[in-house]
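Dear colleague,

Please find the structure below, together with its sequence. My findings follow it.

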Amino acid sequence: MEKNPKTFVEDYAFYEQIWYYYSQNRGKIRARYNDLTKKFLAYNDKNENPQAFLRTPQFEALEIYVFIKEFMGNPQVHEMFDDWRKRQNKFADVSYYTIHKGGQGVFLDMGDEQNEIIFKQMKKYREKYPNYIYALTMGLGKTILMAACIFYEFLLAKKYPSDKRFCHNALVFAPDKTVLESLREIMTFDKTKVVPPEYAHVLDSNIKFHFLDESGITLHTIDDSDFNIIISNNQKIIVKKKRKADKPADVLFGSGSLLSDVYGEDNDDDSDVWDDATLMDNQRFKKLCRLPQLGVYVDEAHHLFGANLEQELRSGSGNKTTLRNTINMLAEATSIVACYNYTGTPYVNKQVLPEVVYAYGLNESIAHGFLKDADPIGFDNVKNEEFIRKVITMFWERYGNKTYEGLPPKLAIFAAGVTEATDVVRPLVEKVLSGLNIPLNTILVNTGDSTVTKDEDIRNFNNLDVLGTEGSKKQFIILVEKGREGWNCRSLLGIALFRSPKSKIFVLQATMRCLRKLTDEQLMATVFLSKENYDTLDDELKKNYNMEITELGKTSKKNKHTYQVRVLPPPRSIRLKKIWHEYLLIDRGYSAPIDFGLGAIDESKYESKMYEKGSLRLDLNAKETNIDNIKVQMKYSEFSLTGEISRYMNIPCLLISRILHEAADGTDEIVATVNRHNEILDDIIIPKIFDTLYEVKSTQKSEDVDVVLLREPKDAGYYEFSASDDLVIAKDHNNFTAAEIAKSFHADTYCFDSKPERECFLQYISSKKVKEVYFTGMFTSNQGDLSVHYYDPESQRMRQYYPDFLAKMADGSYQLIEVKGDNMIDDSVVKAKAEAAEEMAIASGIRYKMYAGKYLMKQNVLDQPYEDASENTPIPMVAEDTKPYRGVEEK
């Protein structure tokens, strides 16, 4: 049955099409980015840098952020959708990036009528600037993602100051004072976790932070300056209408001074909407208007779920809010690159917001282990005392006398008000704890009332997850109105909410508090609710995450399952050669003129060309047209070229000038050639000068090291991996003989990435030529030491990767084995890995072998003559794509 257009619009998610297009073209797209962007992404990509800090959802969101900015050119969302539905420009079928080759590909085209409805809706809500929503479930690290995006912006803006796509300043909005405090992490965050160290110092020396946490703080930015990050509560910048005219005394002595806010009262009520009557400016707003290339970042935009979120994000929703219109007024006074909204959900009342460009949902986050799972329990027809007694008893039965990463588990009990917290809930909690012989000093009360909650209580509340502090020992936390964002407690394993709060969304927000990941092992939190709150949670999950409450406590069954992998004794290790190279730079000095050989250069490889055939039907030769005139080239003079080379090579200008003047090609020819094609400067001129002035001597060094294949997990009895059932082999659940089992299994379960990997293991474990074989590819730096350092030619950085297998043969020799898809064999990065692995293997007396996937699937690689098995070059074929799609971190 065909959906009606309205239903389709509500269900449609354009961001899924964006992700599919990007994921299918990831290699092509990333190859065209500039070197700085490539290095930035590679540093945060766990596939290239196993120590990368960002989680998969954070990195995927960062990839889409860069994709929209650098590849798509910062368009409006409706403009991207228009190109997509019409299959034009980057989405065209004839494009190099097409995903519709041969009529194949996923293209969710529901017809012109429905596409037109979506397009009109997107266009209706557009602003004068691009407006994007990144929806990552609470607990996935939106603040860190926001910081990474801002740091990326500033690095690119520093390198390309005239490129209008990049932000030179950032304004970060928090919804309220609680979240504002959590944004201090942007200021204190170790930049080297997401920024290559060699670039982090560039940010440190240029970024100026302005944290507006008090109403009387003046914004001290320099007009027309760059690299300011202003972090503010909405109300510290917000534009409001004036209530009454100032009297002369008010002007002289009142809040109208530039030392404070002159926009009217500075309070936490952000419901005040503005009209065209008597709008006022304030000092902060005026200062922001004088900052160029401003990027606006709205954190926790989902704090107003439901219809309020729609009003907060859209000025066209029928109710102009102070936040959106403040941003719009900024856009009229200065250049806003874009507005980036970071929310917890892509949905408003079950409908996907059209501005969403990336989303990682609650169900998906739990399924892939980025959050705790939760067991919601509803209580009907019980009194407050009975509820609290049952909740504490069940909580203690599930979590009592346990620690997680050294932290005791915690239960948050929400009271309706201060009086209930102190006069009703606390006495009941003390009574139940006494009956269970639990110390009463494990109780902490935080009501927000200074007469009840003292400074020491606040300090303990802030230290709930700080190991060794008094706060970390607290386990039963009685709270009033602390369910929203702004406080994080990873050791929170349960929440209890009996009274129905004023806001229904508070139930969902309180539930989300206990889902933050605590250990490598996915834990199950418990949510204790009254029946009314239980039903409210179910309704809010449907509205905001498009999921049922019954889905909580049940991880996704789609394709993959989670396996607990335990280390088996005895510890396995191998002695290998650690190899590195030391380089010595020898200054040879300048003694003879340089011949750059510019006359012999084939400049055609630098020319921009267009090929036009004219007809697909007629057999015509393609017409080649030079379109070099569209290229943007830097035009150098003799002096500016000398300065550019001097700056790049850190060599005196006088020496560079002498080299250019004495060159066989002549200064005029060098300048003219470089001006025709700037690439020649980096490809020929600078390398030739370097090779003339310097000699680089390389010395290979090595030492013997003992490499542990697999270590015991920290603070857990097992590792967790997600894999398809048909790619899993367990020691005790397969028909292996005792002799075969003795050959392998340093872990009780192997989770393979592909069928060829699984087949390789089965061939080796069943062969009499093999004495031992271990699958090592599933274990990375935090789990095992067997890795190979290599130089990545794409990112131009040192990386490390983890070979798939280590095998000890019957003759006592060892093999280091890698299995690759046939289409990846000739990949430059794969070749670089192979060269580095072979270098280490040869030095260690080990054979390095790389098998193509289809070669493994068609024959037993160990049945051929033994000496031929050492051949490293696989039979080239086209392999099936066995690469995981998303949500799984590949090795």
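How many bridges join strand 5 to strand 6? Five bridges join strand 5 (residues 294-298) to strand 6 (residues 336-343), and the two strands run parallel. In strand 6, Tyr 340 stands opposite Tyr 297.

The model is predicted, so to speak of local features a pLDDT of at least 70 is needed, side-chain atom pairs count only at pLDDT 80 or more, and totals for chains, interfaces and linings use all residues. Residues are numbered from 1 along each chain as its sequence is written, and side-chain values use heavy atoms, with hydrogens and water left out.

Strands (E, at least two residues) and helices (H or I, at least four) are DSSP runs numbered from the N terminus; two strands pair if DSSP finds at least two bridges between them.

Seven strands form an open sheet with parallel pairing, in the order 3-4-2-5-6-1-9. Strand 3 (208-212) and strand 9 (356-360) stand at its edges, each with a single partner strand, so one side of each has no neighbour in the sheet.

Two residues other than glycine have a positive phi. Phe 227, with phi of about 65°, lies in the loop between strand 3 and strand 4 (228-233). Asn 89, with phi near 55°, is in the loop between helix 6 (77-86) and helix 7 (112-124). At 55% relative accessibility, Asn 89 is exposed, the cut-off being over 50%.

Finally, the peptide bond from Pro 569 to Pro 570 is cis, with omega near -5°. Pro 570 is found in the loop between strand 16 (560-565) and strand 17 (573-587).

With kind regards

Conventions: Buried < 20%, exposed > 50% of the residue type's maximum accessible area, 1.4 Å probe, protein only.
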